[in-house]
Amino acid sequence: MIKITVLLWYICQLWIYSSCGQTQKQYYRNIQEIFRSKRFETQGVNYRQEEKKILDSIMGPKVYDSRIRPAGINGTDAATFVYVNIFVRSFSKIDDVKMEYSFQITMRQQWNDNRLKYEERLTKTMKERIKYLTMTDASKVWMPDTFFRNEKIGAFHNILQPNLYIRIFPNGDVLYSIRVSLTCGCSMHLALFPLDEQTCALNIASYGWTKSDLVYVWKDDGPVQIPKNLSLPGGFKLGGFGNQYCDVVTATGEYSCLQVDLMFARQLSFFLVTIYVPCSMTVTVSWFSFWLDHKAVPARVSLGVTTLLAMSTTQASIQNSLPPVAYTKAIDVWSGVCVFFVFSALLEYALVNYASRSDEQRSVKQKERKEKELEHCSFNAERMEESGMSLDPLMRRIEGAHMIPPTAMLHHNRIPMKRPNKFTIWIKNFQFQAKKIDVFSRVLFPFCFVLFNAWYWSYYLSRAQSQKGKQSS
């Protein structure tokens, strides 16, 4: 209230000065001098200097030793509890061949160190201004020897300054935050690829302090934080995430461990566009040879060989993008069957070519047989003319009637004849013709491929759903 009154008094004075002929420049200069006056300073407290005094008093060499771990709860010799929170910033790579994934995180660790308490050193006014003390030198305070158990490659960020900070709160709590880039191993089971869902873990543990000295605990509020607009590379999407404990027992003791579970689900649309649709188109193109004339040898052979090479190249590229494993993957079944269909279309033409040559040989034999029959008929006619027999069929029957034996005139009981089956007649009269093979292939190949698709998608999609149910439970 006093400050407001003084301010009003000075403004009145300046108004009087301005009315007495002061210039506008002099008027504003007087206002600035009023606000720079010590009367408006908050008791002349330099809070940066006070923070320095607090740090010197709690972290002096005679008071604080960063080599000694903090005491347990209530100053006992129990284990020090370190509360951990992970913020996932981005994913840069998910590699199926090397079975690893790369991402960037911000890791926050918080623990209590009674030696760093300074709450009693703060006045009421300082408590409102000094919420915590910030440091950037991690060597000044005790740090847990945290490491990542499944890490392959790790890197800190030092551009422009080391991306870390330490906050010391009045009650002795220490918050350590650092940005890290990691490449971690992930054991993947690819039997259902690309309909699978992989669960990769990040294991956080102490390297030297056993569980009796150091215990890691997940923070209750958001132990694992992931932004909503996070995108994943390589045709993946984040299917879910979780956290759990993974304490491990080794030859040197029992160690506390935290685990982050990241579920990577593949986007099926990506593989439909890049693998399944091109393979189906290649198989369909190989069937076009069934509609070409079997005499068009260059066209049918080039079409079959080209589709086979295209399918083999696709299969090789798929295998190069995946690790060599001892079991059969879903994509192996698909690519293998597609190669089989394309190769069968090429073999079909080999069979058609063989059948066409058989047809030609058969037609030549039939022509020769007809010529022999014509020659035989002409020879019989000449003999009949020489023997004086009539060429008239009616006269030939009358002349040869006396030659019919008497027993031929006996009547016999007629035995009922079975009606032959049409399918049996068709089988007996079936001729191995090139045209028929092409006609059958036009129907048989697409029908078998549709049956394979129905079995493939129903079988592997049901297995993928059952696997997701097991992981969620």
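In strand E10, Gln-225 is the bridge partner of Phe-87. The model is a predicted one, in which local features need pLDDT of at least 70 and side-chain atom pairs count only at pLDDT 80 or more, while totals for chains, interfaces and linings use all residues. Residues are numbered from 1 along each chain as its sequence is written, and side-chain values use heavy atoms, with hydrogens and water left out.

**Strand E1 and its partners**

Strands (E, at least two residues) and helices (H or I, at least four residues) are DSSP runs numbered from the N terminus, and two strands pair if DSSP finds at least two bridges between them. Strand E1 covers residues 80-95 and pairs with strand E9 (residues 214-218) in the parallel sense over five bridges. Within this pairing, Phe-81 stands opposite Val-215 in E9. E1 also runs parallel to strand E10 (residues 224-225), to which two bridges join it. With strand E2 (residues 100-112), by contrast, E1 runs antiparallel, and 11 bridges join the two. Here Val-84 faces Gln-109 in E2. The hairpin of E1 and E2 has four residues between the strands, and Met-99 takes a positive phi near 55 degrees there.

**Asp-96 in the loop**

Asp-96 is located in the loop between E1 and E2. Its relative accessible area is 10%, so Asp-96 is buried; buried means under 20% relative accessible area, exposed over 50%, and partly exposed in between (1.4 Å probe, protein chains only). The side chain of Asp-96 makes a polar contact with the side chain of Arg-266 at 3.1 Å. A polar contact is a pair of N or O atoms within 3.5 Å; within protein, one must be able to donate a hydrogen and the other to accept it, and residues adjacent in sequence count only if both atoms are side-chain atoms.

**Disulfides**

The structure holds two disulfides, each a pair of cysteine sulfur atoms within 2.5 Å.

| Pair | S to S distance |
|---|---|
| Cys-186 and Cys-200 | 2.0 Å |
| Cys-246 and Cys-257 | 2.1 Å |

The torsion about the S-S bond of Cys-186 and Cys-200 is about -85 degrees, so this disulfide is left-handed. Cys-186 lies in the loop between strand E7 (173-185) and strand E8 (197-206) and Cys-200 in strand E8, so the pair ties together parts that are 14 residues apart in sequence. The link of Cys-246 and Cys-257 is also left-handed, with -55 degrees about the S-S bond. Both Cys-246 and Cys-257 are buried.
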